[in-house]
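Thanks for coming, everyone. Let me put the structure up, and then we'll walk through a few places in it.

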Amino acid sequence: MSKTEKTLTPRLVKKLWVAFILIIVLMGASYIFITGYFANKYNQATAQRVNANIADHLIEEKFQNASPFLADGSVNKALFGDVMHDMMAVNRSIEVYLLDKTGEILYSVVLDHSENAPEKTVSLAPIQSFIANKGQEYVLGDDPRNPGKQKIFSAAAFNVDGREGFIYIILAGKEFQLISENLLGQYFMKLGIGATVLTMIFAAVIGMLSIWFLTKNLRLITRTIRKFQEGDLNARIENAEKSDIEVFAHSFNDMADTIVGNIDKMKSVDQLRRELIANVSHDLRTPLAILKGYVETLQIKRDSLSEQEKQEYLQITHTNIDKLSKVIDQLFEYSKLEAEQVTPEKEPFSITELSHDLIAKFKVIADKKKIALVLDKPEKNSMVFADLSLVERALQNLIENAVKYTEPEGKVTLSIQPTGKNIKISIADTGAGIPLSEQPFIFDRYKQVDPSTQKQGSGLGLAIVKKIMDLHETTITVLSSPREGSSFIFRLPAYPV
């Protein structure tokens with residue numbers, strides 16, 4: 001395992017462990033709270049269901065032999081003292097209240113000894129609901145000794161001597177509450193310790209399995225990336241669409257393909273650069289060698305050479321200087337185009353007038369070679385929207401190339417033809433043509449059809465034309481057959497006159 005993997009993998013695993021433990025702790029705390037809450041409710045519901053009829057039994061047993069009210073209408077406190085004595089013998093947490101039919105508390109033994117000011121009334125809604133369902137449903141009622149709190153109870157209605165009311169019995173009184181809270185605290189402590197231990201064991205086992213499973217694909221991707229980093233350019237994540245992190249896997253594969261493609265492109269560019277340097281060096285070396293030879297001849301034999309020979313040597317020297325200058329200019333121009341340092345400044349202009357000017361410029365060279373250089377249908381004026389100087393440069397290279405490779409008595413034709421929203425421009429010659437195998441590469445920089453021919457140049461002319469067409473978002477195509485000549489065709493957007 002590499003140092004990088006040792007550093008990054010534990011860091012991720014630690015974060016996953018922390019997150020997992022926090023989740024388990026929160027789940028454990030929630031479980032303890034929910035379990036305690038519902039356990040308490042269950043115990044209360046059970047106690048209420050078991051003691052649901054206690055109020056009815058009290059009325060049946062006590063009120064048959066004695067009235068809860070004295071002759072003067074006051075409460076029979078002695079009777080209720082006996083009731084509480086009997087009740088507390090069975091359950092010390094029970095509290096008995098005598099209510100009138102409005103819910104007002106008439107008497108209770110516990111209230112006589114209470115230091116807190118009790119509520120004077122009890123809500124009748126829970127009592128009526130309890131009586132209606134005969135104590136079979138869990139219902140909480142008011143606790144007179146603890147205003148605002150509710151507890152389980154038993155209740156029954158009575159009608160004695162024309163007086164109506166309710167016996168209201170709190171089944172979980174204050175003493176019960178104290179004991180219950182103490183036991184509940186102990187229960188929570190034991191449950192918490194047990195749950196914590198079980199949670200830690202459970203979290204350790206499930207956490208290890210979960211983290212191993214969750215990071216399996218990540219480990220696979222990490223190994224693949226490391227292979228790629230170490231030089232295995234064919235390393236790819238297999239079955240990326242089945243990975244848990246599919247987007248990341250596809251992104252890596254796409255990135256790797258892009259990097260490999262860029263590397264191949266860089267290798268190709270580097271190879272072309274080497275070829276360019278080698279070929280340009282040859283083109284520079286030839287005129288430089290000629291220049292050096294004739295200059296040395298002039299220096300050594302300046303006294304023995306005739307004036308005509310001196311002029312001839314100087315003319316040859318001047319011609320080769322022009323060749324050197326042209327090669328250097330083309331290199332500079334192509335480098336700017338390739339580096340995207342040229343921005344076309346488009347404007348409307350007459351492609352017909354530009355063609356007339358170029359025909360006139362190359363007329364002298366064509367006449368010397370006895371080549372007919374013509375403009376097809378020169379009477380029609382066509383306007384285009386493009387960069388004038390760049391289009392002029394492209395046409396100049398194409399015409400110069402056509403004249404160079406056309407034999408004497410041949411013909412070079414520049415045609416301009418409107419085609420809908422575009423102007424079609426073609427330069428056709430009757431030269432030797434271009435072999436089919438060479439046509440796909442004719443616009444590559446420094447690609448020459450026949451390097452052995454004496455008509456070779458810097459090899460950048462057509463490459464410059466291709467770059468200019470790219471800047472105008474158009475294409476240039478070549479139609480050629482051996483011994484039948486060639487045609488270079490491109491289109492420019494027409495400008496309405």
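One definition before we start: two strands count as paired if DSSP finds at least two bridges between them. Keep in mind that this is a predicted model.

Strand β9 covers residues 411-419, and strand β10 covers residues 422-429. The two pair in the antiparallel sense, over eight bridges. Take one of those bridges: valine 412 has aspartate 429 in β10 as its partner. Now look at the turn. Two residues sit between the strands of this hairpin. Glycine 420 takes a positive phi there, near 70 degrees.

Next, follow β10 to another partner. Strand β12, residues 486-493, pairs with β10. The sense is antiparallel, and there are eight bridges. For example, lysine 424 is bridged to arginine 491 in β12.

What does isoleucine 427 touch, beyond residues up to four places away in sequence? The list includes Leu395, Leu398 and Ala402. Val412 and Leu414 are on it too, and so are Phe488 and Phe490.

That brings us to the cores. In soluble globular proteins, nonpolar side chains tend to be buried together. Here, the largest nonpolar core has 44 residues. Ile351, Leu395, Ile425, Ile427 and Phe490 have the most contacts inside it. Helix α11, residues 388-404, gives the most to this core: eight residues. There is also a second, separate core, with 40 residues. Ile54, Val96, Ala155 and Val160 are among them.

Threonine 352 is in helix α10, which spans residues 351-368. Is threonine 352 buried or exposed? Its relative accessible area is 5%, so threonine 352 is buried. The side chain of threonine 352 reaches the backbone oxygen of lysine 380, at 3.0 Å. Setting aside residues up to four places away in sequence, threonine 352 also touches Leu375, Pro378, Asn381, Ser382 and Ile416, among others.

Ser382 is our last stop. Where is serine 382? Serine 382 lies in the loop between β7 (372-376) and β8 (383-386). Serine 382 counts as buried because its relative accessibility is 6%, and the cut-off for buried is under 20%. Leaving out neighbours within four places in sequence, serine 382 is in contact with residues including Phe349, Ser350, Ile351 and Thr352. Ile416, Pro418 and Ile423 are contacts of serine 382 as well.

That's the tour. Questions are welcome.

Terms used:
Residues numbered from 1 in each chain as written. Predicted model: local features only at pLDDT ≥ 70, side-chain atom pairs only at ≥ 80, totals over all residues. Heavy atoms only, no water. Helix = DSSP H or I, 4+ residues; strand = E, 2+ residues; numbered from the N terminus. Buried < 20%, exposed > 50% of the residue type's maximum accessible area, 1.4 Å probe, protein only. Contact = heavy atoms within 4.5 Å. Polar contact = N/O pair within 3.5 Å; in protein donor to acceptor, adjacent residues only side chain to side chain. Core = buried A, V, L, I, M, F, W, Y, C linked by side-chain atoms within 4.5 Å.
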